[in-house]
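I opened my notebook today to see how two chains meet and what lies inside them. Here is what I looked up.

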Amino acid sequence: MRRLFRRLSINNNPGWVFIFPSLGLILLLGLPLLALVWRAIGKDFFSNALSPTSLTALKLSLVTSTSTVLVAIATGTPLAYILARWKFRGKNALELLVDLPVVLPPSVAGLALLIAFGRTGVFGAWLNSIGITLPFTTVAVVMAQTFVSAPLFVGAAREGFAAIDEQIEEAALVEGANEWQVFRFIMAPLAGRAFLAGLILTWTRALGEFGATILFAGNLIGKTQTMPLAIYLGFETNLGVAIALSVMLMVVSIVLLGLMRRLERRSNVDTHPE
Amino acid sequence: MKKFTLLVFLFAAILLASCGPAATATPAPTAVPPTATMVPPTDTPVPSTATPAPRTLTVFAAASLTGSFTEIGKDFEAANPGVTANFNFAGAQVLSTQIIQGAAADVFASANHTYMDNLVTANLVAQGTPKDFVTNVLEVILPPNNPANLQTLQDLAKPGLKLILEDKSVPAGTYSLQILDNLSKDATYGADFKTKVLANVASYETDVKGVVAKVQLGEGDAGIVYVTDAIAAPTLKTIVIPTNFNVVAKYPIAALTKAPQPDLASAFVAYVLSADGQAIMKKWGFTTVTP
């Protein structure tokens with residue numbers, strides 16, 4: 001704080017150019033969250049937060065977002081590697097495909113999933129004929145979350161891979177390592193930090209997914225009603241429950257962010273021993 | 001530096017883009033005050049055909065009123081030059097919460113009395129002003145090809161069916177549960193009818209439009225919605241719910257006490273209750289209150 005004032009007071013250092021605009025954004029980001037916590041504090045908070053509806057939603061949210069993260073790691077890591085290192089025709093189109101879900105509204109994602117994998121959908125009709133029905137299932141929730149959040153992981157991992165000095169790989173290849181070994185023992189450890197950043201983004205985005213879920217997976221307690229859906233319905237009936245759930249989701253997100261940051265710091269120490 | 005300018009520009013574009021839809025939902029600041037009064041009088045006489053200052057009327061209406069109110073809105077705009085009628089269609093429960101939390105609306109039309117009463121309690125609607133303007137009943141809808149081959153109401157209890165209902169916070173959802181209660185009291189359906197039917201529910205949607213869309217796409221085998229929703233989606237098959245089991249939904253409408261455009265608000269309410277307005281409501285399948 002004192003440093004802030006000192007910066008303001010020095011004439012030839014126009015610190016306010018940075019401080020005042022930032023303040024606007026800080027207030028916009030901070031005030032609503034503060035208001036939410038302010039309103040949540042009360043004797044009903046725990047009865048609202050620990051109600052069966054909110055606990056069921058919390059559990060489902062944690063299970064589905066964790067599954068999403070695992071799917072993103074398993075499928076996104078190799079894809080990120082391909083995008084970072086291989087050169088092939090149609091690579092631009094593939095990059096566009098991976099980036100698109102990030103900018104698309106979730107409602108478009110949900111509709112697209114429904115049109116593709118719905119019971120009467122373009123591919124869903126065939127799936128249905130072999131006995132697989134996806135809409136209104138927990139799998140559909142994971143699919144919706146993966147669609148909107150896995151590209152964030154791919155993006156982060158791709159940048160992580162791209163940042164690695166190619167000479168290191170070349171050296172390993174010269175020493176007789178194959179591409180898998182280069183990936184496993186050189187690329188993956190060196191990109192660890194980018195991975196974790198991608199993980200944070202993917203996990204929190206999956207946790208907050210609403211639009212695609214309600215369209216593709218619907219809303220059923222214990223099966224497809226994740227926390228954001230429970231908050232929306234709580235908002236309609238009982239604002240107290242919605243606020244309590246929102247604060248819980250905020251706390252879960254803060255814990256996740258904090259945990260990831262710690263891991264990130266530790267991995268930095270590991271990969272860059274001083 | 002060039003990069004910085006580009007960034008600022010991009011940020012501004014994002015801001016603009018994200019403000020767009022929000023502004024249509026609660027267009028309070030865009031509601032232009034009657035500027036005509038501020039214009040200094042000119043010597044030349046103003047011709048009578050001069051267009052009045054543009055004004056915006058904001059109506060919050062239950063999702064089941066989407067088709068009918070859109071048409072009424074066009075007529076209302078035609079009858080009142082310079083007026084733009086903006087609608088926010090959603091579940092009545094969402095709208096009522098939005099109004100209580102300070103959304104600037106002129107008129108509220110609900111699909112049940114509960115959410116209107118909430119506004120009366122909050123002094124946002126004057127006591128005694130809400131008027132019932134239509135009633136509606138419910139119906140079972142089926143996808144055009146009727147994949148589960150449902151013929152009667154009893155079939156709703158068939159195991160393995162995918163039924164789509166509204167959440168109980170949505171008026172139509174409460175009505176659906178009441179209908180299932182009514183059916184369960186009847187010996188032909190059996191006391192466990194409701195339990196069996198509810199075991200088939202695949203999703204509780206947040207408004208009737210969600211139910212219609214999912215049944216229309218064939219994702220659900222059946223849904224319970226208003227008769228008017230079924231009329232608006234003519235490709236759907238229907239199963240009629242007999243009057244003795246059905247629920248009559250009464251729709252109240254009222255101008256809000258904090259309406260930014262109070263005169264337009266009461267004019268719109270009057271138009272909905274007028275013979276012209278009622279004729280449009282009837283066309284969309286509602287039962288009018290004043291025959």
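**Where the chains meet**

I counted 8 residue pairs in polar contact between chain A and chain B, both residues at pLDDT 80 or more; a polar contact is a pair of N or O atoms within 3.5 Å, where, within protein, one must be able to donate a hydrogen and the other to accept it, and residues adjacent in sequence count only if both atoms are side-chain atoms. This is a predicted model, in which local features need pLDDT of at least 70, side-chain atom pairs count only at pLDDT 80 or more, and totals for chains, interfaces and linings use all residues. Residues are numbered from 1 along each chain as its sequence is written, chains are lettered from A and ligands numbered from 1 in the order in which they are written, and side-chain values use heavy atoms, with hydrogens and water left out.

Next I looked for salt bridges (a side-chain nitrogen of Lys or Arg within 4 Å of a carboxyl oxygen of Asp or Glu). I found 1 between the two chains: A:Arg119 pairs with B:Asp221, and their closest N and O atoms are 2.6 Å apart.

I then noted that the contact (heavy atoms within 4.5 Å) takes 20 residues from chain A and 22 residues from chain B.

**Inside chain B**

Which residues does B:Phe69 contact, leaving aside its neighbours within four places in sequence? My list has B:Val59, B:Ala61, B:Phe87, B:Phe89, B:Ala109, B:Phe133, B:Ile253, B:Phe268, B:Val272 and B:Met281.
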